[in-house]
Every structure is written in C-alpha cells, then in structure tokens.
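Biologist: Before we discuss any labels, could you put the model on the screen, so that each term can be set against its rule?

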Amino acid sequence: MFQIRWLWKNIGHKQRVQFVAAMVLSAFTSTMLLINPTLTSELIDKVIVAQNPDPLIGILAAMLVVQCLRIGLRYLMIMFFEWSSQEMTYNLRVHLFKVLQYQELRFFDRNRTGDLMTRLSADLDWCRHFVAYLCYQVCDCVVMFVSTLILFFTISWKLTLTLAAVAPLLLIVTGLYKKKSRAKFIGMRERLADLNTAAQENIAGNRVVKAFAREEHEKKRFEQCNRRYRDANLDINKLWLTFYPFMEVLANAMTVITIFVGGAFIMLGEITAGELSIFTSLSWALSNPMRNLGTLINDLQRFGASANKIIEVYYSRPLIADRPDALPHPRSRGKIEFRGVSFSHGPVRVLEDISFTVEPGQTLAVMGPTGSGKTTLTQLLARFYDPQKGTVLVDDCDVRLWQLNDLRRHIGAATQDVFLFSDTVEGNIAFGDPALSVEEAKDFARRADADEFVEKMPEGYDTIVGERGVGLSGGQKQRIALARAMAVKPSILVLDDTTSALDMETESYIQKQLKRLPYHCTKIIIAQRISSVKDADQILVLKDGRIAEHGTHDELIRRPGYYRETYLLQNDLEDEGPAVAAAAVSVKGGKPHGEE
C-alpha cells in the first residue's frame with residue numbers, strides 16, 4: 001500500500017481528476033456488462049419461450065445502444081488512464097534525475113550506473129504500467145465479481161452459494177503463489193540490473209575492450225548475465241505453471257457447476273431458462289477474475305519490486321548539502337586553508353592530518369606517488385566529500401558554511417579523467433558559463449593551445465564532439481577541458497594532471513598562459529612533471545596520505561626525498577653519481593625560477 005500512496009503523491013492535481021474519472025468509468029463500464037445478459041434473459045423468457053415477437057426490436061435496440069455506449073466510455077477511460085500515467089512518469093523521471101544531480105560522490109561510489117539507468121527506465125515503465133493498466137484491470141475484476149455475485153443472489157441465492165464455494169479454494173492457491181513468487185521477482189529485478197550494468201560498462205569501455213582484444217571475454221560475461229536474467233524469468237514462469245493448472249481447474253469448475261446445478265434447478269422450478277442464461281453467460285465474470293489473479297499478481301509483484309527500487313532513490317537525500325546556516329558568497333578572494341584534515345574511504349585512510357595555507361593569487365603544486373591522496377585533496381576543497389576530521393576553509397570560512405553553488409562556482413577544475421559532452425566544441429568550453437560569448441570561448445581555447453586544431457576541424461567550434469570526446473586525442477581533450485575550466489573565470493583554478501598527455505613545448509606555452517590569465521585566481525596544480533610545478537609558490541609532496549615535503553622548488557631539490565629524486569630522474573642525473581648530481585642541484589637551485 002505504501003507504493004500506491006507514493007504513486008498517488010506523484011500524480012498532479014489535474015491528472016488525479018483524470019485518474020479518478022477513469023476509475024469511475026472502469027467501474028461503470030464493468031457494471032454495464034450485466035445489462036446485455038439481463039436483456040438476453042428477457043429475450044428468452046418474453047420472446048422465445050412466450051413466442052411473443054413484440055418486445056424483440058426494443059430489446060435488440062437496447063442491447064446495441066448499451067454496447068456502443070460502453071465502447072465509447074471505455075475508449076475515454078483508457079485515454080484518461082494513459083494521460084495520468086504518462087504525466088506521473090514524466091514527473092517521477094524529472095524528480096529522480098534531479099535527485100541524482102544533487103547526490104554526493106559517495107552515492108555514485110555505492111550504486112552502479114547500469115542499476116541507476118534501470119531505475120530511470122524499466123522500473124519507471126512498470127510504475128506507469130501499474131497506473132495505466134493494472135489499476136483498471138483490478139477494478140474490472142473486483143467490480144465484475146461483486147456486481148455479478150449481487151445479480152446472481154437476486155436471481156437464485158442457492159445456485160450462487162454453490163458457485164461461490166469454489167472461491168475460497170482459489171484464494172488459498174493464489175495466496176501460496178504470491179508468497180512464493182515475491183522473492184523471485186526481487187531476484188529477477190536484480191538480474192536485470194546486472195544485465196544493464198554489463199551492457200553499459202562494455203559500451204562505455206569499448207576502446208579498452210578492443211585494445212586488449214577481450215571481445216570474447218566480454219561476450220561471455222554478457223551471456224552469463226543474460227543467462228541469469230533468462231533463468232530468473234524461467235523460474236518465475238515455472239512457479240506460475242505449477243499453480244496455473246489448479247487455478248484453471250477451479251475457475252472452469254464454475255461453468256460445469258452452472259450447467260449441472262442450474263439445469264437441476266430449472267427442472268425443480270427454482271429458476272427459468274432465461275435466468276439460467278444469465279448464469280451461463282456471466283459465469284466467466286466470476287471465473288475470469290480468479291483466472292486472471294495469477295497474471296495480476298505477477299504484474300503486481302513486478303511493480304512492487306520496481307517501485308521499491310525507485311523509492312530508494314526518490315527519498316535518498318545527499319549528506320553533502322547546504323546547511324541551514326550556510327551563507328552566500330557572491331565573491332571569493334581565493335584563499336585556501338586545510339587545518340588538520342583527515343579523510344577515509346571506508347576503512348582505507350586516504351589523508352591524515354593535512355595542514356597548509358595558500359594565499360590569494362598563489363600557486364600550490366601537489367606531487368606524490370599514485371594513491372597518495374592528491375585528487376582527494378581537491379575533492380575536499382570543492383566539498384565533493386567532507387573530511388572526518390579537521391576543517392577546509394576558503395576565504396577563512398569553513399566550506400561547510402558555504403552555499404554549495406557559490407563554492408563550486410568559484411572553483412574551475414580540469415580533472416585527470418577528462419569528460420566531454422556530446423555537444424559542439426564551443427558548447428563544451430562554455431559548459432560552466434552558458435553566457436560566454438563565442439569570442440571569449442575562442443580566447444580561452446587559444447590560451448589552452450586548442451584553437452589551432454579546433455579551427456582545422458570540419459565545422460570549427462561548431463563541430464559536434466562525439467560521446468566522451470571520441471575522435472579527439474588525449475592531449476586535445478585535455479586542452480578543451482583546460483579551456484572549459486579557465487572559461488568560468490574562477491577564483492580557484494584546479495588542474496589535476498591536466499598536461500600529462502601534452503608535449504613539453506605545448507606544456508610550456510600553457511604554463512605561460514596560466515601566468516597571464518585576464519583575472520586573478522589561486523591555482524592548484526597536480527602533476528608529476530617537475531617542469532609543471534617548479535614555478536609554484538609552494539609545493540606539497542604527499543606520501544601515504546601525509547605531507548612528506550613542503551616548500552619551494554629551490555628548497556626541495558636541496559633536501560633528500562621524493563621531490564629531489566623525481567627531479568634527478570627527470571633530468572637524467574641519477575646515474576651521474578652523487579657528486580655530479582649534488583653539483584647540478586646546486587647550480588640549478590642557484591638560478592631564478594624557470595631558468596634551466
């Protein structure tokens with residue numbers, strides 16, 4: 001019942017009126033089915049048995065009018081159901097997408113993309129199917145069953161009780177089927193999610209599959225998921241077929257009882273031939289609802305499993321959201337401070353007691369081995385996650401007291417996992433600022449050294465970029481992503497391994513452009529190349545989630561550690577011997593920043 005109340009809540013006021021009108025029409029048109037059998041009874045008793053042709057035309061005309069009226073009302077009923085169900089599905093899909101948009105990253109860490117896609121598609125279709133089809137099917141069955149029973153009682157309560165005796169047996173069989181099938185429908189829903197996840201991952205990662213020649217492996221993996229989904233469907237069908245013969249026998253028993261017992265009652269004078277025709281012509285109205293119980297329960301179980309999955313997302317609320325005391329920050333100076341920050345992904349400690357300060361306009365470089373927590377540092381800054389200990393501050397204000405839109409609007413990020421949308425090049429660059437002019441987009445493309453290759457594309461900046469940037473090289477995608485990050489004119493610019501796929505000449509050009517941005521901003525550069533970080537005002541080296549080294553380029557190359565080793569390795573000095581390396585460090589360190 002909770003799922004039904006939840007659906008009702010998501011049907012708009014106008015659509016509720018349509019839905020109620022459709023239910024009324026369903027009940028009314030179901031009751032109309034009793035009229036023609038009653039008129040047939042009159043035809044038999046008053047025309048055929050009485051051999052009186054006078055009422056014939058009137059009875060036939062009445063039957064024709066009733067049938068035409070019922071068809072018209074039934075058409076209107078189906079349209080009302082369809083309108084209300086489509087509107088409900090639209091509202092739900094919009095709400096669910098909105099919920100997903102504002103979820104924190106932990107939510108997507110926990111939930112598979114294929115499963116979420118299933119909730120937005122197949123599961124929603126089952127909710128629509130419930131409103132558009134199951135509701136009136138259940139209403140038809142109940143109204144026909146009850147109204148037929150009442151009519152039968154008015155004709156012969158003895159014959160009616162004889163027929164009704166079958167109902168308890170059928171209800172027992174139906175209850176057993178419902179109990180056993182519930183878990184199977186939930187399992188089948190999970191197998192469908194697994195199937196969609198396998199398909200989504202394979203399609204999204206098709207280049208990786210081809211690069212490693214793993215087509216056969218992926219084919220077998222998909223076949224395995226497909227087989228499990230097929231087997232889950234077959235299990236449910238086998239269960240249904242186990243109970244189906246009992247339901248069918250009990251439902252058909254009513255027709256047999258009607259003929260034998262009804263014939264005996266005619267001979268005893270309990271009912272007339274016309275009244276027996278009502279029983280024979282409407283016995284299906286008692287047996288069909290019982291016969292359809294299995295199918296309806298199947299569909300209701302599917303709806304219940306799907307609705308529960310949607311409700312999980314519908315009522316999920318992000319843990320990272322605007323606090324009631326959050327303040328607006330229309331401007332930002334770009335000051336950053338970490339105070340004793342620690343963060344874990346479950347049992348895995350990622351950062352431990354991180355403290356540093358970056359003044360407005362400064363450049364902070366972050367280096368360290370893979371998995372040392374470099375990217376996590378920037379994710380805490382943008383409040384994609386909240387630290388378990390410590391405080392992250394922007395402009396001397398805890399980021400938890402910032403309104404999220406303001407905080408993230410002041411941060412421009414070019415991440416290591418470049419994602420481009422299926423849009424034009426200009427649209428991708430202007431993604432963070434839809435009001436950006438074409439000339440401004442081109443200017444930032446030039447600063448990211450993307451203008452030259454974009455202009456050579458078939459339609460220049462109006463060229464549609466394929467999904468995830470297909471057709472572009474890694475370096476080209478990085479440059480468009482960098483232009484997109486710069487184009488929002490942020491007070492804090494985060495570059496996470498943004499130039500890893502670029503040659504040294506292009507990187508050098510971009511480094512110069514970053515120093516000449518037409519606005520004031522603080523920069524955080526995550527990189528492994530010394531050439532990318534040596535001019536930074538301060539450099540952090542993370543190791544095992546802690547700050548292992550902190551200083552400027554000149555300071556760090558004089559100290560033994562990760563930074564010095566990386567510097568020597570990248571300058572081919574590690575094999576020259578300690579004396580030569582030390583001399584080179586001394587000479588390099590004695591020159592101004594940026595000189596070789």
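Biologist: Leaving aside neighbours within four places in sequence, which residues is Gln3 in contact with?

Modeller: This is a predicted model, in which local features need pLDDT of at least 70 and side-chain atom pairs count only at pLDDT 80 or more, while totals for chains, interfaces and linings use all residues. Residues are numbered from 1 along each chain as its sequence is written, and side-chain values use heavy atoms, with hydrogens and water left out. With contact meaning heavy atoms within 4.5 Å, Gln3 is in contact with Phe303, Gly304, Ala307, Asn308 and Ile311, once neighbours within four places in sequence are set aside.

Biologist: What makes the pair of Gln3 and Asn308 a polar contact?

Modeller: A polar contact is a pair of N or O atoms within 3.5 Å, where, within protein, one must be able to donate a hydrogen and the other to accept it, and residues adjacent in sequence count only if both atoms are side-chain atoms. The side chains of Gln3 and Asn308 make such a contact at 3.0 Å.

Biologist: Why is Gln3 called buried?

Modeller: Buried means under 20% relative accessible area, exposed means over 50%, and partly exposed is in between, with a 1.4 Å probe and protein chains only. Gln3 has a relative accessible area of 15%, so the residue is called buried. Gln3 is found in helix α1, residues 2-9, where helices (H or I, at least four residues) and strands (E, at least two) are DSSP runs numbered from the N terminus.

Biologist: Why is Val138 called partly exposed?

Modeller: The relative accessibility of Val138 is 31%, and therefore the residue falls in the partly exposed class. Val138 is found in helix α7, and together with Val142, Val146, Ile150 and Leu300 it makes a nonpolar surface patch of about 370 Å². Patches are made of residues with over 30% relative accessible area and no salt bridge, like charges being joined within 9 Å and nonpolar side chains (Val, Leu, Ile, Met, Phe, Trp, Tyr) within 5 Å. The accessible areas come from the Shrake-Rupley method with a 1.4 Å probe, and for residues only the protein chains shown count as cover.

Biologist: Which helix gives the most to the nonpolar patch?

Modeller: That is helix α7, residues 122-155, with four residues.

Biologist: How do you know that Arg74 forms a salt bridge with Asp140?

Modeller: A salt bridge is a side-chain nitrogen of Lys or Arg within 4 Å of a carboxyl oxygen of Asp or Glu, and the closest N and O atoms of Arg74 and Asp140 are 2.2 Å apart. Arg74 lies in helix α4 (residues 56-101) and Asp140 in helix α7, so the pair ties together parts that are 66 residues apart in sequence. Both Arg74 and Asp140 are buried.

Biologist: How many salt bridges does the rule give?

Modeller: The count comes to 27 salt bridges. Among them, Asp231 and Arg230 meet through their side chains at 3.1 Å, N to O. Asp231 has a relative accessible area of 32% and is therefore partly exposed, and Arg230, with 45%, is partly exposed.

Biologist: Is Arg383 buried or exposed, and what is the value?

Modeller: Arg383 has a relative accessible area of 2%, so the residue is buried. Arg383 is found in the loop between α13 (374-381) and β4 (389-394), and its phi is near 60°, a positive value in a residue other than glycine. Asp386 forms a salt bridge with Arg383, the closest N and O atoms being 2.9 Å apart.

Biologist: How do you know that β1 and β2 pair?

Modeller: Two strands pair if DSSP finds at least two bridges between them, and seven bridges join strand β1 (residues 336-345) to β2, the two running antiparallel. The open sheet has four strands in the order β2-β1-β4-β5, with antiparallel pairing.

Biologist: What makes β2 and β5 the edge strands?

Modeller: Strand β2 (348-358) and strand β5 each pair on one side only.
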